[in-house]
Every structure is written in C-alpha cells, then in structure tokens.
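Have a look at the structure first, then read on.

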Amino acid sequence: MSKAPQRRWGPVRSLLCLAPLFLLAPLYSYRSHYALPDPVVDLIDPATSLPQISEAQILAHAKYLSEDIGYRTVGTREHALGDAWMLQQAEAVRAQCEAVVRAHPGRKLQCEVWHQQGSGSHRFDMMGRRLYKTYVNLTNIIVRVSDGTDEGKEHAVLVNSHVDSTLPSPGAADDALSVGVMLECLRVLVNTPGWEPKYSIVFLFNNAEESLQDGSHLFSTQHPVAKTVRAAINLEAAGTTGPELLFQATSEQMIKAYSKIPRPYGSVIANEIFSSGIILSDTDFRQFELYLNVTGLDMAVVGNSYLYHMRKDLVENIEAGVAQHMAENVLALLLHLTSDESPLPELAAGYTRPQTVFYEYFGFFLVYSFATAKVLYSVAFVAALIVARVTYVDPAPALKKGTSFLGDQAKGIAAVSASFLGAVIGANVVALLMDKVLGKSFSWFTSVFSCIVLYGPAALTGALVSQLFVGRVREHTVYTSLMLMQSFLAAVIQLIGVGAGGTLFLTSAPLAIALLVNKALTRPGDDISLWSYAIGQLSPLVTGTTLFCAVLDVFVPLTGRIGEEAPAEHIIATIVSITGAYILPLTVPFVHRFGRRFLVRAIVFLTMVTGLVMAVFSMRAPFDAMHQKRLFVIHMENITSEEQHLHVAAADGAPGFHDLAADIAKEFSVAEATPTTVVMNEWNSDWDTIYPFSAFLTPYKFDLPLRPEHQDQIEHDFTVTAINDKIDKEAGTRSFTLVVSHPGIIWTAVAFDAHVLQWTLDNNPPDEYARHHIKEGSFFGHDTWSVDLVIKLQPNSSSEAEDGSVKVNFVGIHEKAMWPGKKAEKELGGRAMKLFEEFDGWLERETGGTVDAMFLGCVGGVAVI
C-alpha cells in the first residue's frame, strides 16, 4: 500500500503545531537546571532520628561571620575575630567527637585540630602579570577526621573553604557559606552512628584566600598533614543563587566520584573553558595543584554573581536551597571518598589530567572516556553518512545529469555554514549600533536573559539574510547536511582532544533518528514531517537551554568587571548568536521548506522586531539596585609629597561613568576642576593595593579642596628602608634587605625597577631589568616585613644610580579607613572616613542606589633606598 500524499501546512500553522515543544522543552530544562532541594531546619531527621544537613544551621554560621563579625579583610581586627571564632568551632567539634567516642568506646573515630600560624612567600602570576606575595603570621584552622589509626591517616581528602572576605564585601556567600557547609558536614559525620572513615578527611578553614591564596599556600607548603592529601575539594562562591557548579575536575577518578552525588551539576565544557584561561579568575585549588600535586574538584555557587565581592553579599540574598544543595553534595562526596570504594589510595601514585567527557543529559549524569568518545562519535558520523545516503532522494531522477548526492550536500553545508556566520554577524551589527551609534551599551545587564531578547531576533535575521545569498536549497538537503556537519564536527573536535564535541553529538544523533522516522512517514519528494522536526529539535532545545543558563549566568555579570576596553557588547552578542544557533539548528531547513517568498517576509518581520527591541532597550538603564555598577574610590595620602587626592575608577564599559566622574569632581574636588582619566599601567602605583586587577580600571584623579581636616599634617609611620647594605663593585652588585614598616597599614605593596639577581621570594627572578611588584598580607598587629635582594648595578639607568639606589613606590590601606567595613568605628578612620561617609550618601541620592562603591583610605609615597 502506497503512502497517502502529504498535505502541506503553511508556516504559521506548522509553527503553532511545534509551539508546545518550543515552550515546554526549554521550560523543563530551565526548571531542572535551577532546581534546588527544600531547605531543612531540623538538625535531626524526625523520621530516622539521624543527623541531617540543616540549611538553617549553615546560614546561621554564615550570618555570624558576615554580619556579626563583618568584613573579614586580611590584616583587620575583624579578620582576627573570624580566626578566633573559627578556632572555637573547631574545638567544639573535637569536644563533640570525643564525647561520641566516650559514649561508644568501640567506635573508630578521631578528630584532631591544629591552629596553624606561619609566614612565607610565593609567586602569583595573574592576568599576564608577574606578582610576588609575602605574608607574615597568617593562620589556618585544620580539622582532621580519621579512624585514629596510622593506616587511616595515610591517605586523605582535603576539603577547603576560606574564612576571610575581600575588601568591599562581608562575604556571606564568598565564602562564609562554604565554611558553614564544612562545619555542618563535620557535625553530621561525627554524629552519624557507626560511621568510621576508612580514609581521613582534612577540613581546611583557610584564613587568607582573598589576599591571593596565602592561606592555602601556607598549608600546602608548611603543614605536616599536607603530605597525606591525595585529592582536594575546593568550595567557593561567586554568586548567591542556583546550584554549585563543578568548573574544575582534574582526574577521571574524581569525576567518577563526583558522579555519585545526589545532584551533580557540571560539564566538560565548563571544565575546558575555565582551564583555557578565558575567565580571568582563580581559587585556592591552584595552590593545591602547584604545591601538593594533587587532583580534585573545584566547585562554586555562580548564579547571580552580580553580588560577587559587593556589599550585598549577605545571607538574605542567598537563595533558599543553595546551602542545602551544596552541603548534601559535599557530604555524599566525603562518604564515598572515605569508603571502601574510594580512589584515594590509587591517587597516591599521582594522577593524569582527565581524558573524560561528562555532562548532564535529561537528568542523567553521563561519564565516559575520550577513547570511548572518539569511537562513539566516529561511528555516529559513519552512521550519519549511511542515513544521509539511505534517505537521499534525487530531485531529478529522470535526468542522467541530475544533481549528485555530494553536490546536493555541498549546497546544504553551504546553507548551514552561511546561517551560522550570518547569525554572528547579525547580532554583532546590532551590538555595534547599540554601543557606538546609540551609546546604549549594557542595556541588558540587569537580567542575564534579557540579552536573548535584544540579540536573538538580530541573530535570527542575520541567519535568514544569509540564505538569500545561498539560493534555493531543498529542505531535505539542508536537514541532512546539518546532521552531517554536526556529527563530523563532533568527531573532529573529539579527535583533537576537546571534550566539548559531545554537545554536537547530542544534537546530531537525534537528527539521524528523525530522518529515518521521516522516511517511514513520508513519500519521496514530500516535505520533512513535522514529527521529524519535533524529534530533531528536542535535544538541542533541552541541552541548549541548559548551556544558555550556565554561560549567561557567568558571562553577563562578568562584563561588569572586565574593564572599559573589553568589547562586552560584542561578547554577549556572540554568545547569544552561537548558542542560539545551537538551540535552533532546524531553522534553516524550515525556511527552505516554504521558499524565497516566505524567507523575504520572515526577514522583513524579524528586522522590524529587531528595530522595535532596540528602541525598547535604548530606554533601559544599565544598572539597578540589585545589579549595581562597581565604583572604586581611594582617598590617597602621600606621605612623601604631603598631598592628598581622591581617586575614582570603574571596571566596565557602560555609558555614564565619565558624566558621573564630572559630577564627582564638581561635588568633591576643587572649583572648576576638569576631570581627566589617568593612564593605568605598571607604573601607576596609586592602585597597587588591588594590583593586578587594577589593569581593568578606568581611573580619575582629583585634587581635594582645602577643608580643615585636609590641612592637618599626615601622620603615618609608614617607611621603606634598606639594611644590611653592601656593594660589590667588582661583581657589579648590591645586596641589601628591603624592610617595610607599616603600623596600622594593611595590604601593603611595593613596586620598583631593578635587575634582580637573587632574592628570598623565589629562586627564579627575571634575568633582566624589569618592574617588580610585591604585595603583603599579614595577621592583625603584625606590621613589618622584609625581603633580601641582590641586584645588578645599572650605571646607565636614569632610575637607578651607580650606587645601586632604587626608587620604591609604596602604598597600603589604613586599617581603620575602609567604608563601609569600618563604619562602626568611623571616628578612628580620620579624614578619609569623613569623606567616605559624605561621598557614599551623595552616591545613594544621585544614582538611586545603582552604584556600589568600595572606599579605601590609602597611604603611600616614594622612597629611594
């Protein structure tokens, strides 16, 4: 029996038929992506009488650290209070552990506590810049849980979070949340009847991450239990909502261990993006890899990262379920890694970088090796070729010189390729217009998904316009070519060692199935069945929506802190166009289904939509009260020149900053001051307290008016001197000890030009005359640090005399002059805090709360030593 002739539906009716799929599939993916467990309050499960993870308890810890103690910047009194509180919690866990063992004498369980304190130095290259860190008497709190035997302590998994917070933030999510998670995991493990770890767990509450990972360096290089660590789990937060993302996984064993948790969220794509260095960020995981040579997992809460390192990183802004999600996953990991199935012993011999593909697909967390992927994707490509040939219908079978199969596919591949390129161009044309012509960049910033509304129609328009240049291509041909291209690229990308090729495999395989279904449902020459469109679109809609959520969650807020020169508008437009092309791959065959007339009408309609959307977005403000602009403000007191200046900078390219700078000058600078930007380079030492992030800033420098408080003499005993000075004229060298004394000043930094032959920072200074940056982080009350150097004399250098004297730029932060962190004791912050209080109130009134400013009272100068 022959198949009945297919009745063609028009484009509107066809789209209406497919509409439920286009609505429900992304909705399913979106809800699955952001799903969080219900937060638990009770410490004990009333049904089982067993201890359970309690989000309420985790957040209580986070609230105490971030709000009761406050801004725990390294070197401050609050930082010391955080250290003391953390030690109390650790000792309480040990006491609880000992009580449990006394109650059950046969139970193999031991909890040990160390309060580590030490000094050191390390090289910390970041953002393409060379930087050296030194620290004095910083602390860590370490708790080791084991079965009490030497064998049980031989292999350990390290879990890390940091107690300190960064300069402008109370750090509820970053990283008090993770501290609370670790404490809660400790409580549950210790109080779970019968639990005895076969391998030990080292809980590291490190107290100096934001000062560029000094605490984790201290542990990794100086603590005796560090040598027993076989794997590390680092817990971080760059946001306050959604599930924690696994963004670094460095061995197959740990990826497989991660797959055992109840709610895995991570993919090989995130792993490869982060390891590529595209995202200029770093965590303590770096120190564990570098100095312990261990594998592990790096996880962080990343949703709503608008609040990352901001004042509003408060417990009230942490989404319900976030803490529960992270803690239950971490607990499951620890239970697995301390069980008989643990991979820790085999990791003692070292590890290799993972050759593993992993991702979540329709609720399943899939893990397989690169070798399997290469075979699977290659076989899939061969299968796609077979399906393409089997389902191919010659459009002109009666003509011996009709279009060949290969010729037909070449046209289809050209159409698909052109649509992808057109989508990228279309979105970037609109980005150019919004940024350079209309001056309305960042109009999408306040919502991670609004950029889809702005650039989605433009990308679709560009994709369709490209088809006008391709000409008429059969719908079936384009569909088949899309399948072949995706399966081919999946195989090739995997063969070159990039695991992200799996995303194309996930979308190409359903296309092959859809073509076989189409062959069964239709006659030769008929349109592609709408059932085949539904089958072919389901996977890209689901996986693409998940990809969209993950990528936009990271990159949209990130544009607010990557500098004015970064092409933020084009970055977001390109992300939308590429991801959009992945989500809607069957757009191209669909438009060829209805011919050129429909194509032209669709282009006209989408162009009108694009124009309308641009008009609407041009009326939007880039920032609001919960998605704020970051402003960086320094009150600088130069003890060398006895001058005082106000420095203001931004880290984004959104419009309005230069107007804001002019208003600030009018309000706080001298009369008729003309604000001009200052060059930000290696020799601009005013911002060295936040070097190298300072490279992202667009700074202004204002003279301060002669108010009474500004006429008082600058009184800071901040000195840079040289001792143990010795010149060896025969060798052409000078050796000395650079001593920095900084009572009441924290986060000191020095910068100088010299040809360093040897120093105590590391064994490999650059063998050339160069600019050197050294930053310090010390515990509260410690106010002196030093570096031994041997430098080469530079008789022809204008900045270094024949006697080897060196000009040193130095700067630091007045410990009592940070707003709002030191608001409670503002009287001790002097003239800087008076200015900051006034400035902060003015900003709130003038900007309607759309600006979050970091205010630092800095002291600096120049010394020739």
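This is a predicted model: local features need pLDDT of at least 70, side-chain atom pairs count only at pLDDT 80 or more; totals for chains, interfaces and linings use all residues.

Residues are numbered from 1 along each chain as its sequence is written, and side-chain values use heavy atoms, with hydrogens and water left out.

**Salt bridges**

Side chains of opposite charge can pair when their charged atoms come close. Here a salt bridge means a side-chain nitrogen of Lys or Arg within 4 Å of a carboxyl oxygen of Asp or Glu. How many salt bridges does the structure hold? There are 30, and the table shows some of them.

| Pair | Closest N and O atoms |
|---|---|
| Lys 133 and Asp 214 | 2.5 Å |
| Asp 840 and Arg 311 | 2.9 Å |
| Asp 526 and Arg 523 | 3.9 Å |

Take the salt bridge of Lys 133 with Asp 214. Lys 133 sits in strand E2 (residues 132–146) and Asp 214 in helix H6 (residues 214–222), so this pair ties together parts that are 81 residues apart in sequence. Those helices (H or I, at least four residues) and strands (E, at least two) are DSSP runs, numbered from the N terminus. Next comes accessibility: buried means under 20% relative accessible area, exposed over 50%, and partly exposed in between, with a 1.4 Å probe and protein chains only. Lys 133 is buried at 2%, and Asp 214 is buried at 0%.

Now for Asp 840 and its salt bridge with Arg 311. Asp 840 is in helix H21 (residues 830–847), and Arg 311 is in the loop between strand E7 (295–303) and helix H10 (322–337), so to speak a link across 529 residues. Both Asp 840 and Arg 311 are buried.

Asp 526 pairs with Arg 523 in another salt bridge. Asp 526 counts as buried at 19% relative accessibility, whereas Arg 523 is partly exposed at 33%. Elsewhere, salt bridges that share partners join Arg 77, Glu 78, Glu 815, Lys 816, Lys 822 and Glu 825 into one network.

**A helix and a patch**

Helix H18 (residues 568–583) has 16 residues, and at 1.5 Å a residue it should span 22 Å; its end C-alpha atoms are 22 Å apart, which agrees. The expected span is 1.5 Å times one less than the number of residues. Which residues of H18 are buried? Among them are Ala 568, Ile 572, Val 576 and Tyr 582. The buried residues of H18 pack against helices H13 (405–437), H14 (450–470), H16 (502–521) and H17 (530–558), where contact means heavy atoms within 4.5 Å.

Leu 421 is in helix H13 and is exposed, at 51% relative accessibility.

**Cysteines**

A disulfide is a covalent bond between the sulfur atoms of two cysteines; the search takes a pair of cysteine sulfur atoms within 2.5 Å. It finds one in the whole structure, joining Cys 97 to Cys 111 with S to S at 2.5 Å. The link is right-handed, with 80° about the S-S bond. Cys 97 lies in helix H3 (residues 77–103) and Cys 111 in strand E1 (residues 110–123), 14 residues apart. Both cysteines of this pair are buried.

Cys 451 is in no disulfide, and the nearest cysteine sulfur, that of Cys 549, is 11 Å away. Cys 451 is buried at 0%, and Cys 549 is buried at 1%.
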